[in-house]
Amino acid sequence: MVEIKNLKKIYGERTVLDIPALEFGDGETAALAGANGSGKTTLLKILAGIIKESEGGFHIPGNVLYMPQSSYAFRGDTLRNITISGADKKEALELLEKLELSHLAGKKAKSLSGGELQRLSLCRVLSRKCGLLLLDEPTSACDAKGAELVINAIKDYQRECGCTVIMSTHSPLLAANAADRLIILNGGKVETDGTPGETLANPETQWAKSFVAGWKI
Ligand SMILES: Nc1ncnc2c1ncn2[C@@H]1O[C@H](COP(=O)(O)OP(=O)(O)O)[C@@H](O)[C@H]1O
Ligand SMILES: [Mg+2]
């Protein structure tokens with residue numbers, strides 16, 4: 001179980017994250033939503049150990065994998081961009097096939113489109129096993145078909161390794177299709193926390209109601 005207690009991130013005078021208590025069960029898939037600047041990336045980066053919390057703390061069982069909001073490519077071809085993190089060639093080719101990138105295996109990764117690069121970035125992460133998978137807007141550069149491939153790959157991976165998944169998203173599709181739980185952040189605080197179905201149909205607070213209404217457009 002991932003346990004967060006009294007977690008705060010403060011920049012100067014500004015508290016950008018303030019979470020008194022939050023838990024994620026083993027094997028749970030949670031989506032984090034909220035407007036730009038609501039603290040989604042900050043929370044994921046703290047859990048990934050990339051930035052340090054200002055107050056409080058958290059407990060994570062096992063190892064963590066993190067996919068950043070901006071995708072990047074290493075030098076070399078697309079296949080090497082996966083094997084570089086330790087995967088063998090067979091596993092890497094299977095992942096490329098799953099994300100419909102097989103035809104680009106021998107192409108320079110730096111020449112991929114934004115959506116292709118994001119799917120490659122996911123392949124790199126999913127080539128390893130973990131206890132907690134953190135994904136920062138994993139479908140932000142994808143078209144509808146690409147987003148579907150990403151969602152299915154995340155679901156398959158979670159099923160196979162049984163890890164906990166926390167991902168930020170601006171996509172109702174991702175929240176509704178891939179997550180058991182949808183947490184909406186507002187100004188660094190948890191505004192609502194429930195199932196995607198309940199939250200999308202009947203948000204708990206007035207603020208969440210107007211946020212979700214804008215989301216559906
Ligand atoms: N290094 C930093 N210094 C000051 N403020 C920051 C820094 N990093 C992030 N912030 C602020 O923290 C808030 C939350 O940012 P972020 O977690 O990236 O939001 P989100 O991912 O939900 O869009 C934003 O207002 C952002 O400007
Ligand atoms: Mg962000």
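This briefing describes the ligand sites, a surface patch and the salt bridges of one protein structure. The structure is a predicted model, in which local features need pLDDT of at least 70 and side-chain atom pairs count only at pLDDT 80 or more, while totals for chains, interfaces and linings use all residues. Residues are numbered from 1 along each chain as its sequence is written, and side-chain values use heavy atoms, with hydrogens and water left out.

**Magnesium ion (ligand 2)**

- T41 (OG1) and Q69 (OE1) are the protein donors of the magnesium ion, at 2.0 to 2.5 Å from it; donors are N, O and S atoms within 2.8 Å of the metal (3.2 Å for Na, K and Ca), and because water is not among the atoms, sites may look incomplete.
- T41 belongs to helix α1 (residues 40–48) and Q69 to the loop between β5 (64–67) and α2 (80–83), so the pair ties together parts 28 residues apart in sequence.
- Helices (H or I, at least four residues) and strands (E, at least two) are DSSP runs, numbered from the N terminus.
- T41 counts as partly exposed at 21% relative accessibility, and Q69 counts as partly exposed at 35%; buried means under 20% relative accessible area, exposed over 50%, and partly exposed in between (1.4 Å probe, protein chains only).

**Ligand 1**

- The residues that surround ligand 1 include Y11, R14, K40 and T41, each having a heavy atom within 4 Å of it.
- Helix α1 gives the largest share of this shell, three residues.
- An oxygen atom of ligand 1 lies 2.8 Å from an N or O atom in the side chain of K40.
- The protein covers 62% of the 570 Å² of accessible area that ligand 1 has on its own, as found by the Shrake-Rupley method with a 1.4 Å probe; for residues, only the protein chains shown count as cover.

**Salt bridges**

- Side chains of opposite charge can pair when their charged atoms come close.
- A salt bridge is a side-chain nitrogen of Lys or Arg within 4 Å of a carboxyl oxygen of Asp or Glu, and by this rule the count comes to eight.
- K90 and E94 form a salt bridge (3.3 Å, N to O); both lie in helix α3, four residues apart, about one turn of the helix.
- K90 is exposed at 60% relative accessibility, whereas E94 is partly exposed at 44%.
- K145 and E100 also form a salt bridge, with their closest N and O atoms 3.6 Å apart.
- This pair links distant parts of the chain, since K145 is in helix α5 (residues 144–161) and E100 in the loop between α3 and α4 (114–126), 45 residues apart.
- E28, R181 and D193 are linked in a network of salt bridges.

Conventions. Chains lettered and ligands numbered in written order. Polar contact = N/O pair within 3.5 Å; in protein donor to acceptor, adjacent residues only side chain to side chain.
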